[in-house]
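Good morning, and thank you for coming. Please look at the display while I take you through a few features of today's model.

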Amino acid sequence: MTMMRELTLIGIRMESPNRAPVMMLRETEGYRYLPISIGSVEATAIAYEEQGLRPSRPLTHDLMRDLIQAFGVQIEAVEIVELRDAVFYAELVLANGARVSARPSDSVALAVRLGTPIRCTEQVLREAGVATPEEEQAELERFRRFLDGVAPEDFSS
């Protein structure tokens with residue numbers, strides 16, 4: 001049986017120098033972060049949901065959520081199960097036991113819409129997880145509290 005660790009979505013950040021979006025996940029019980037490079041469409045879908053923004057028409061992940069709910073399917077978890085040749089692989093774990101292969105970015109975009117737990121194998125976290133020293137943890141927590149209090153309007157002129 002594979003050891004799974006629960007993760008929390010921290011957010012999307014733009015990685016320099018080419019400003020590529022990176023999805024940041026963090027162990028719920030631990031100090032490791034899992035950065036995963038993702039496409040701009042998926043980054044936008046995740047960021048919109050995080051910020052509670054509702055486009056006038058459903059995005060693809062909204063459509064997927066609506067279809068899943070209309071068919072009465074339950075997604076029990078999103079699991080990041082493998083890292084092969086610098087590519088992450090994920091699966092949607094359905095209540096009936098079925099597993100559906102999916103990209104981690106699409107899986108997380110669905111998870112934030114459905115309130116589904118996000119998990120990762122211990123093996124993937126050992127290979128790609130980044131441990132943050134404890135002294136940086138306090139600074140990250142202060143920054144996180146700051147971000148929680150900031151609204152997009154605070155940056156408009």
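This is a predicted model: local features need pLDDT of at least 70, side-chain atom pairs count only at pLDDT 80 or more; totals for chains, interfaces and linings use all residues.

A98 lies in the loop that links β5 (87–94) to β6 (99–102). With a relative accessible area of 30%, A98 is partly exposed, since residues count as buried only under 20% and as exposed only over 50%. Apart from neighbours within four places in sequence, A98 is in contact with L92 and V93. The C-alpha atom of A98 is separated by 22 Å from that of T60, a residue 38 places away along the chain.

Two other loops deserve a remark on backbone geometry. In the loop between β1 (4–15) and β2 (20–27) we find R19. R19 is not a glycine, yet its phi is positive, at about 60 degrees. The loop between β4 (75–84) and β5 holds A86, which is likewise not a glycine and has a positive phi of about 65 degrees. How accessible is A86, buried or exposed? Its relative accessible area is 73%, so A86 is exposed.

Let me turn to the overall architecture. The protein contains five helices and eight strands. Their order along the sequence is β-β-β-α-α-β-β-β-α-β-α-β-α. The C-alpha atoms occupy a box of roughly 45 × 40 × 30 Å along the principal axes. For 157 residues, a compact globule would have a radius of gyration near 15 Å, and the 16 Å of this protein agrees with that. Of the 157 residues, 34% count as buried. If we take contacts between residues at least 6 apart in sequence, 52% of them join residues at least 24 apart.

I come now to a helix pair. Two packed helices are described by the angle between their axes and the distance between the axes. Here, helix α2 (residues 60–70) packs against helix α3 (residues 104–114) at an angle of about 60 degrees, and the axes are 9 Å apart. The two helices are therefore oblique to each other, and their crossing is right-handed. Which residues make the contact between them? From α2 these are H61, D62, M64, R65, I68 and Q69, and from α3 they are D106, A109, L110, R113 and L114. By class, the contact comprises five nonpolar, two polar and four charged residues.

An α-helix has 3.6 residues a turn, so residues three or four places apart point the same way.

How much of α3 is covered? Nine of its eleven residues are buried, so that the helix is mostly covered. The buried residues of α3 are P104, S105, D106, S107, V108, A109, L110, A111 and R113.

L114 also belongs to helix α3. At 26% relative accessibility, L114 counts as partly exposed. Setting aside neighbours within four places in sequence, its contacts are with R65, I68, Q69 and I75. L114 and Q74, 40 residues apart in sequence, lie 9.4 Å apart from C-alpha to C-alpha. Following α3 is G115, whose phi is positive, near 70 degrees.

To close, I would return to the pair of helices: α2 and α3 meet at about 60 degrees, in a right-handed crossing, with nine of the eleven residues of α3 buried. Thank you; I am glad to take questions.

Note on methods
Residues are numbered from 1 along each chain as its sequence is written. Side-chain values use heavy atoms; hydrogens and water are left out. Axes are lines fitted to C-alpha atoms, for helices over the stretch in contact, and angles run from 0 to 180 degrees between N-to-C directions. Helices (H or I, at least four residues) and strands (E, at least two) are DSSP runs, numbered from the N terminus. Angles under 35 degrees count as roughly parallel, over 145 as roughly antiparallel, 65 to 115 as roughly perpendicular and the rest as oblique. A crossing is left-handed if the near helix is turned anticlockwise from the far one by less than a right angle, and right-handed if clockwise. Contact means heavy atoms within 4.5 Å. Ala, Val, Leu, Ile, Met, Phe, Trp, Tyr, Cys and Pro count as nonpolar, Asp, Glu, Lys and Arg as charged, and the others, Gly among them, as polar. Buried means under 20% relative accessible area, exposed over 50%, partly exposed in between (1.4 Å probe, protein chains only). The radius of gyration is taken over C-alpha atoms; the globule rule is 2.2 Å times the number of residues to the power 0.38.
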